[in-house]
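Reader: Can you walk me through this one? I'd like the overall layout, then the packing.

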Amino acid sequence: MTKKKTTGNSFEKLQADHVERVKELAAINRTTQIIKENKTIEETLDKICNILPEAWQYPDHTVARIIHDKHEYKSRGFKQSRWIQREPFTTIDNKKGASEVYYTSEFRDFDEGPFLKEERHLIENIASLVTGYLNSITARYILTRQKD
């Protein structure tokens, strides 16, 4: 009987881990899709902020913010808390920024406070996608100016 319980718990954990990885992959795919829409920086970063909470372990208690230069883009219901995961970035024109995810409630500790190590990888990937997007906008602007 103990073996079945252990096997059942292992399967449940595996299943839960799978669900989390699917949510993370969906966030990366959706971020890429939003970037390809070719909207304004404001609209793009705002949309990305609003899809990020769904990818974290506790989406109902998660908010996100992207800071770029002196601008902030926030998910619905955004409020800062002490439970933060942050990934800073610098664009090719030397503008500073960061992708941030906050939990609005306290949860038990995992790998990085209440955050999973996979969520650390996710926020790093999101920051990289955002940086690449912002760099491409800057590069296009520079190339357009050089043609004139």
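Author: What follows covers the fold, the sheet, the core and the aromatic rings.

Author: This is a predicted model, where local features need pLDDT of at least 70, side-chain atom pairs count only at pLDDT 80 or more, and totals for chains, interfaces and linings use all residues. Residues are numbered from 1 along each chain as its sequence is written, and side-chain values use heavy atoms, with hydrogens and water left out.

Reader: Good. How many helices and strands does the protein have?

Author: Three helices and four strands. Helices (H or I, at least four residues) and strands (E, at least two) are DSSP runs, numbered from the N terminus. The order from the N terminus is α-α-β-β-β-β-α.

Reader: What box do the C-alpha atoms fill?

Author: Roughly 75 × 25 × 20 Å, taken along the principal axes.

Reader: Now the sheet. In what order do the strands sit?

Author: The order is β2-β1-β4-β3, in an open sheet with antiparallel pairing. Two strands pair if DSSP finds at least two bridges between them. The edge strands are β2 (71-74) and β3 (83-90), each pairing on one side only. From one strand to the next, the twist averages 15 degrees.

Reader: How many bridges join β3 to β4?

Author: Eight. In that part of the sheet, Arg 86 faces Glu 100 of β4.

Reader: And β1 with β2, how many bridges there?

Author: Four, again antiparallel. Ile 67 is opposite Glu 72 in β2.

Reader: Which strands does α3 touch?

Author: β1, β3 and β4, as α3 packs on the sheet. Its direction makes about 35 degrees with that of β3. Helix α2 lies across β1 and β2, at about 40 degrees to β2. Axes are lines fitted to C-alpha atoms, for helices over the stretch in contact, and angles run from 0 to 180 degrees between N-to-C directions.

Reader: Switching to the core. How many residues are in the largest nonpolar core?

Author: 27. A nonpolar core is a set of buried Ala, Val, Leu, Ile, Met, Phe, Trp, Tyr and Cys residues joined through side-chain atoms within 4.5 Å. Buried means under 20% relative accessible area, exposed over 50%, partly exposed in between (1.4 Å probe, protein chains only). Among the residues with the most contacts inside this core are Leu 45, Trp 56 and Val 130. Helix α3 gives the most to this core, seven residues.

Reader: What does Ile 48 touch?

Author: Thr 31, Ile 34, Ile 35, Ile 66, Ile 126 and Val 130, not counting residues up to four places away in sequence. Contact means heavy atoms within 4.5 Å.

Reader: Last topic, rings. How many aromatic pairs does the search find?

Author: Five in the whole structure. Rings of Phe, Tyr and Trp (its six-membered ring) pair if their centres lie within 6.5 Å; planes under 30 degrees apart count as stacked, over 60 as edge-to-face and the rest as tilted. Tyr 58 and Tyr 103 are edge-to-face, 5.4 Å centre to centre, with 70 degrees between the planes. They sit 45 residues apart: Tyr 58 in the loop between α2 (41-51) and β1 (62-68), Tyr 103 in β4 (residues 96-103).

Reader: Is Tyr 103 buried or exposed?

Author: Buried, with a relative accessible area of 0%. Tyr 103 also stacks with Phe 115, at 4.5 Å centre to centre and 10 degrees between the planes. Phe 115 is buried too, at 1%.
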